[in-house]
Amino acid sequence: MGPWSAVLLYTQHGEQCLAHRAAWKLLSGVREGQTQVDTPQVGDMAYWSHPIDLHFATKGLQGWPRLHLQVWSQDSFGRCQLAGYGFCHVPSSPGTHQLDCPTWRPLGSWREQLARAFVGGGPQLLHGDAIYSGADRYRLHTAAGGTVHLELGLLLRHFDRYGVEC
Amino acid sequence: MVSEKSHLGDQQEPGHEDPNADARPLSMPTRRGPRSLPPIPSASRTGFAEFSMRERMREKLQAARSKAESALLQEIPTPRPRRLRSPSEKELETEFGTEPGGKIQTTQQEDDSQSYSRVKFRDSVRKIKSKTPDEEELLDDKDAVDFLLGLDRGAEDIVAVRPADYESVHIRLQKEKELLFIPSRRTVPTYKKLPENVQPRFLEDEGLYIGARLEVPRTNQNIMENRLLMQEPGRRWFGDDGRILALPNPIKPFPSRPLVLSQEQDIKAELETLYKKAVKYVHRSQHMIGSGDPPGNFQLDIDISGLIFTHHPCFSREHVLAAKLAQLYDQYLARRQRNKAKFLTDKLQALRNAVQMSLNPAKTPKSLDTTRRAINEYKSEIRQTRKLRDIEQEKDRTLLKTIIKVWKEMKSLREFQRFTNTPLKLVLRKEKVDQKADEEAYEAEVQAEISELLEEHREEYEQRMDEYRSAHQQWKAWKKAQRTKKKKKKQGVEEHPDDEMEEPYPGEDPVKPVPPEPTNQAVIEQEVRERAAQSRRRPGEPMLVPELSLAGSVTPNDQCPRVEVLRREDVKRRSVYLKVLFNDKEVSRTNSRPLGADFRVHFGQIFNLQIVNWPESLTLQVYETVGHSGTTLLAEVFLPIPETTVVTGRAPLEEVEFSSNQHVTLDHEGVGSGVPFSFEADGSNQLTLMTSGKVSNSVSWAIGENGIPLIPPLSQQNIGFRSALKRADAISSIGTSGLTDMKKLAKWAAESKLDPNDPNNAPLMQLILVATSGESYVPDFFRLEQLQQEFNFVSDEELNRSKRFRLLRLRSQEVPEFRNYKQIPVYDREIMEKVFQDYEKRLRDRNVIETKDHIDTHRAIVAKYLQQVRESVINRFLIAKHHFLLADLIVEEEVPNISSEGSGILGLRLFKLAEQKRPLRPRRKGRKKVTAQNLSDGDIKLLVNIIRAYDIPVRKPITSKFQQPPRSSRTFSEKQAASPTTHSPTHSADYPLSQVLVRPFVEVSFQRTICHTTTADGPNPSWNEELELPFRAPNGNYSTTSLQSVKDDVFINIFDEVLYDVLEDDRERASGIHTRIERHWLGCVKIPFSTIYFQAKIDGTFKIDTPPVLLGYSKEQSVVAERGFDPVRSLSEGSYITLFITMEPQLVPGESVREKTSDMLKKFDSQEDEKLLQATEKFQAECALKFPNRQCLTTVIDISGKTVFITRYLKPLNPPQELLNAYPNNPQATAELVARYVSLIPFLPDTVSFAGICDLWSTSDQFLDLLAGDEEEHAVLLCNYFLSLGKKAWLMMGNAIPEGPTAYVLTREQSHYLIWNPCSGHFYGQFDTFCPLKSVGCLIGPDNIWFNIQRHDSPLRINFDITKPKLWKSFFSRSLPYPGLSSVQPEELIYQRTDKAAAAELQDRIEKILKEKIMDWRPRHLTRWNRYCTSTLRHFLPLLERSQGEDVEDDHRAELLKQLGDYRFSGFPLHMPYSELKPLIEAVYSTGVHNIDVPNVEFALAVYIHPYPKNVLSVWIYVASLIRNR
């Protein structure tokens, strides 16, 4: 996960735009949440083992749920700063999936980079939409922020009834 | 090869004639280079010259050599070819090759081997060539000599020293030229590129599209073309136009990915980044409790543009008139704009036309009836319209007249005072009218009116005429009858004198009707004309249009009289400013501006108020300063809080009027204010004007940077999470938000003149269109993808219909009904419809007050309210509940430690092994606590250990003769002394010796499971038995919160087992025993489960709640008293039982949740002073340090979740007057009555109502309204009552059994202290051993808190003198004086009298329900009711209430005996506060009266409800069973 002393993970699940809301309905589970802080002691890998338990009902395929992730890192003073944005779609086939969600963070101007290196903090997106939409995202100067590994077990039900082969 | 050879041969031939065949292969490679390429002329010439010369030399040599060779070859013919053929001997071969050059050639020739590599061949050739002829000659000779002589050639034979090979540049170039082809750079003529005789064809000229070719330099093209022509003669590379075929230029004219711009240049909004500092990690839940939106970014813009005085003390008379004139003119303008008269005239005209139309029968196809009706309607409408029009016209006219009159007055005033103060000037403009047309119109109008009136009158006349006629007829008939009667009378005066008397005509004689007068046309016309003249403009008279202007000139000061100059100077000295008050707090003020001569003040200031909450009030205060003398508040102007649609830039300026009631008298021309003055010289016609004016202002909501109006959410409570999407909806995008009413929106859109064609407004316009077109369907969404529906599997309805999904969702939402569902069926069909029934019913009934469950409406309302409070509180804490602590998630067993005591395995345990076993000295083992998560039904058991009981009532013999004991109405002091002699021993003589006194056993019932002990003997039995009862949590949910909310009680009932001999026949007595066991209820102890849960164990002696009257039983006090050995016990009356109750396994009470949430609660805003809160924390910390186990309470949480200092709850409050009047001279009795009243308010623990969340304290009025509360509320109320009765009373926080931490009330009597249990109404002396209060933590008075810092905390052993600082640590002391905190309690409690009729009704209903229940509980037996007994009991109950259940037993028994002498009677009254029906039923059930199954048993049940004020009801239930004695 990079040389963070500690890493937090905020997860934000799909259903952000209206299309999602129209087709997908959250039956149970928490739509967004936050993991604990992990301090990687061996290697660079931070382990969260944070369970995500969601139950959706859908009336259409549009707006397939996706996971929005924000990785935050905590420094030795207990201050938090953004370490990366990322999102990935929930797979569409049942079973256990290993997902790798690459993350990135905006780099900002050299001044900001310098400030980030010394006093912490860092540029953050004002509008979160750019994370997952935004054809103009290439304009941003970004830096890679590590990869979040997700292990999702998926159960689908009645999709075949509507002619969807998963 | 072959072809080459021939080819070469052909070419060679012209140059040389070489007969020698040997020479040919030598020359062959030199010729091969050019091959088919055309020889370059210049190069080839030199080559030839050289070539030919060498050739000749070689030929000579060859000739000589060949002779010698031929001889040699014949000698050794065999090895040669073999050597040549082997590739491994190439080196040798070359060496040999040099030596006899020709020899090799020949052999090669002979073999015709083609396997030789050409390179080698050439190499050898080159070597040969490079050697000068002399050398060759020489070598050859030497070799030949050597060879011939047979000399040893040795090294020379293997190694040859050679000079470095060198090929001159020229030669190399020459050879390269031969080998390589360099295409020319010249342009290829077109004909070469095209097939023969084909003209080049240019597609472009023919109009076909050819893309732009890639730019290639001309030379490159030429080279390519030349090369292609040479290499591929097929010309397929060339197009029709003779150029190389080429694709259009693939390069886009612009880069498809624009350059990455530097940061400074504009970046799209969504890509903006913001540098955020690294933030300290704040816990999320703190955010959640606060509002979702960051506070403080709401803004209210108040634009104060100016102020106009409509009256001011400094007004001169002229000003007064001018103000009046201006006002009238405004009115006139307004009227003219509306022009109602014109509108009404038009309407009238239209109506008349309509009547004309309908009168014409040809045009109306409708039936005659309908037309007539229509005409009638029209006519009545015409009448009304005319009336209205006349009024309007008259008003217009009078207004105009008044304006003119005021203007004239003003003019005359100006003339009179000879100066002008105001620039007002009225000009009357005349508008010419066409006299003739006007007259005609006037006349026509008058005529029309006359005709209509005439018609009306005629109709009226007809009607009256009809009336007259009928009346006349009647009158005539009456007259006739009268006459005949008179005749009759005369005839029979003598016979029927009575008749006449009886027959006076009822009422007076009918008056002879007068025929109505016919209408007089002339009169009507006269009337109409008069009216017209009055209200209407005369024909031909010009229309007058007044115009008010400020064109006049004001007389300068030097021409005015002194008084006026003084006035003007006074005005100049005055200045005005405004204060802006937001929520009654001054937030800013305008500049002070001088008052102008025209009494207008211009401010033009805009105040931006940054606010956090929704504004409550907005006020402007108008202040006036006179000179330097100071300011006076003129008036307050209340501004309306703008609607959410009003945003800055769109708000119109509004004028808000104000007026002041100040009285000002001035010594100059100014008329003053509130002072009568007059325009007339003689002082008549006085006027009094008050200072008044108008503030023109506008209040609006500011718009934020991104166009969102900065409006705080309407209700601060339900600030939900407003997502960014919600902000961006159609309505808020145009600058409003929070609009829900479509009608209002439409109205607003119409008012704000929204451009419907503006594409920005399109969604809004559509919304309005849909909303206002009457269709009820308003989509509450904006569809992004309209085709979405095509892709949907199912419709929304279908999705919503799915029961499974619904169940899942409800479960995850933790809706109470579904909270504890474990597994949800997989298929919809497996889910019963009835699962939702309760939930739906609850939703439906949310606002409907259900009276079925709660018989009495007030309770129903309260229950609903309580439910709502509970829901809101629970919702508030839902987040807190999901916030886990480390301990909640991680179970970490303590690491065994050598040094640690008890838990150390290695340490003490090791020694324990060696210890002696002492089975007779058992040691207590600590039980392991179990967290309540992984439990299921049957895991938890309730263990009830019943040890012994004291003073159980004993049976009384049934005596036929009854002696009335002397009844003494005991006073309090006697009771205090508790003389045991009051009950005289009346029975001991009558006891049959065989009969035991009593055979009690204990039955414990919990959750309808019943266990009982064996039967013991005597009034002081000892059972020492352990009963085990299973515990089931509601819905199988064993979570902490669920367990905390278990409302069940443990009933411990004590019964007497009575054996009856039922042998019918005495003869059988010898052979058999036939007895029936009956059990008689003696009393019960009720312990709520929640207490057991929180206390973990309950151990102690409890007072048995015995009924005040227990028929057939009495206390066995005589024996005790006579012995006199147990004074302590005899002090208190009643029976006691020693119990030990616990749970197995021990559950961890949800203490952590409570603490956690109470911590959260502390963060709720408090209105207390910050310093005070700090002090409380400090105090509590200090107390906890010294005595961690003692309860110390300083702040509590009120019902709205705010932290309140505890003493604010204590304040003298009046008890109901009714109670005070009961014993006017006996304060102690009054106190008892009051305590009883408080105890009658039902008890409902907070832990139950607010499942495991926290203790909420409600104020006394809330408590009385809710009619439910726990110990604190009871105690607070009781304490407040005592304070108002003039007692010294404190709230005492401590521990009691069985309640646990609780609140009692301590009062100080003259010489001693009394401890009151507020929930039962009982009181105990300080030294009463049976006082349930076991420890005292702190005392709370109305103005201080005292913490117990004595060594002991048992009330028996402590000193209650709070003045001693060594014993009691007080909160407010000299260092922190009492700041005089105001109370949260109301000023006074208001008690409504409870409706007696309602109580009586409730009483009947309860009785009926209970009777039904008893019958239900006895399904196999017939239940007979003894009506006679019931009525007796019913009479008896009010008596019990009056005496509070004391000392009436004997009377009662006597009476019963008298009436029901031949019945064996057992029964008792139960007394309870009334809250719900269920506890009553539960109590009756627990007595087990219904369990009697003697065949001829009869029952009696009576209910009595005594209403106390404020709906506090005391319920008495008398249940009895009767068995007829044989």
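## Confidence in the model

Over residues 77-121 of chain B the pLDDT stays under 50, and for this stretch the model has 44 contacts beyond four places in sequence. A further stretch of chain B, residues 131-139, also has a pLDDT below 50, with 9 contacts in the model beyond near neighbours in sequence. The structure is a predicted model, and chain B as a whole has a mean pLDDT of 71, with 67% of its residues reaching 70 or more. For the model, the scores are ipTM 0.80 and pTM 0.47.

## Chain A

Chain A contains 3 helices and 9 strands, which follow one another along the sequence in the pattern β-α-β-β-β-β-β-β-α-β-α-β. Of its 166 residues, 49% count as buried, and the accessible surface of chain A comes to about 8400 Å², with carbon and sulfur atoms contributing 53% of that area. Among the contacts in chain A with a separation of 6 or more, 69% are between residues 24 or more positions apart.

## Helix α12 of chain B

Helix α12 of chain B takes in residues 218-231, and its 14 residues should span 20 Å at 1.5 Å a residue, which agrees with the 20 Å between its end C-alpha atoms. The buried residues of α12(B) are B:Q221, B:N222, B:E225, B:N226, B:L228 and B:L229. Seen down the helix axis, these buried residues fall within an arc of 165°, so they line one face of α12(B). In general, an α-helix has 3.6 residues a turn, so residues three or four places apart point the same way. The cover over the buried residues of α12(B) includes α11 (190-193) of chain B.

## Helix α38 of chain B

Within α38(B), the residues B:L1172, B:L1173, B:A1175, B:T1176, B:F1179 and B:C1183 are buried. Viewed down the axis of α38(B), the buried residues lie within an arc of 160°, and they therefore line one face of the helix.

What do the buried residues of α38(B) pack against? They pack against four strands of chain B, namely β28 (1195-1198), β29 (1203-1205), β36 (1345-1348) and β37 (1368-1370). The face of α38(B) turned away from the buried side carries the exposed residues B:E1170, B:K1171, B:E1177, B:K1178 and B:L1185.

Technical notes:
Residues are numbered from 1 along each chain as its sequence is written. Chains are lettered from A and ligands numbered from 1 in the order in which they are written. This is a predicted model: local features need pLDDT of at least 70, side-chain atom pairs count only at pLDDT 80 or more; totals for chains, interfaces and linings use all residues. Side-chain values use heavy atoms; hydrogens and water are left out. Helices (H or I, at least four residues) and strands (E, at least two) are DSSP runs, numbered from the N terminus. The expected span of a helix is 1.5 Å times one less than its number of residues. Buried means under 20% relative accessible area, exposed over 50%, partly exposed in between (1.4 Å probe, protein chains only). The arc is that of the directions from the helix axis to the C-beta atoms. Contact means heavy atoms within 4.5 Å. Accessible areas come from the Shrake-Rupley method with a 1.4 Å probe; for residues, only the protein chains shown count as cover. pLDDT is the predictor's confidence in each residue, from 0 to 100.
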